[in-house]
Amino acid sequence: MSDGINRIVFVPPPPIDNRIAVHHVTREFHREVEYRSDFESYCQWYYETAAKHRQELEKMQGDINILGWFSRSR
């Protein structure tokens, strides 16, 4: 009866030092993913805000300059 049961080999768990190293690498990876996600969100907000400010500037440049009337020297 050779059904493969005799071929099972016990693999010991990795040493404690290796587990700690794997944990640190995994944690750093998650931090990097979170940092990049936050940075992407910030960039998106920045581009949207800049576009809105450019639109407001164009609108303001078309307005009448009331203060210019008072500051003109005659």
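The chain folds into two helices and zero strands, where helices (H or I, at least four residues) and strands (E, at least two) are DSSP runs, numbered from the N terminus. This is a predicted model, in which local features need pLDDT of at least 70, side-chain atom pairs count only at pLDDT 80 or more, and totals for chains, interfaces and linings use all residues. Residues are numbered from 1 along each chain as its sequence is written, and side-chain values use heavy atoms, with hydrogens and water left out.

Of the 74 residues in the chain, 4% are buried; buried means under 20% relative accessible area, exposed over 50%, and partly exposed in between (1.4 Å probe, protein chains only).

Searching the whole structure turns up two salt bridges, each being a side-chain nitrogen of Lys or Arg within 4 Å of a carboxyl oxygen of Asp or Glu. One links arginine 31 to glutamate 28, with the closest N and O atoms 2.8 Å apart. Both residues sit in helix H1 (residues 16–61), three residues apart, or about one turn of the helix. Arginine 31 is partly exposed at 42% relative accessible area, and glutamate 28 is partly exposed at 46%.

The other joins arginine 36 to glutamate 32, and here the closest N and O atoms are 2.7 Å apart. This pair also lies in helix H1, four residues apart, about one turn of the helix. Arginine 36 is exposed, with a relative accessible area of 56%, whereas glutamate 32 is partly exposed, at 35%.
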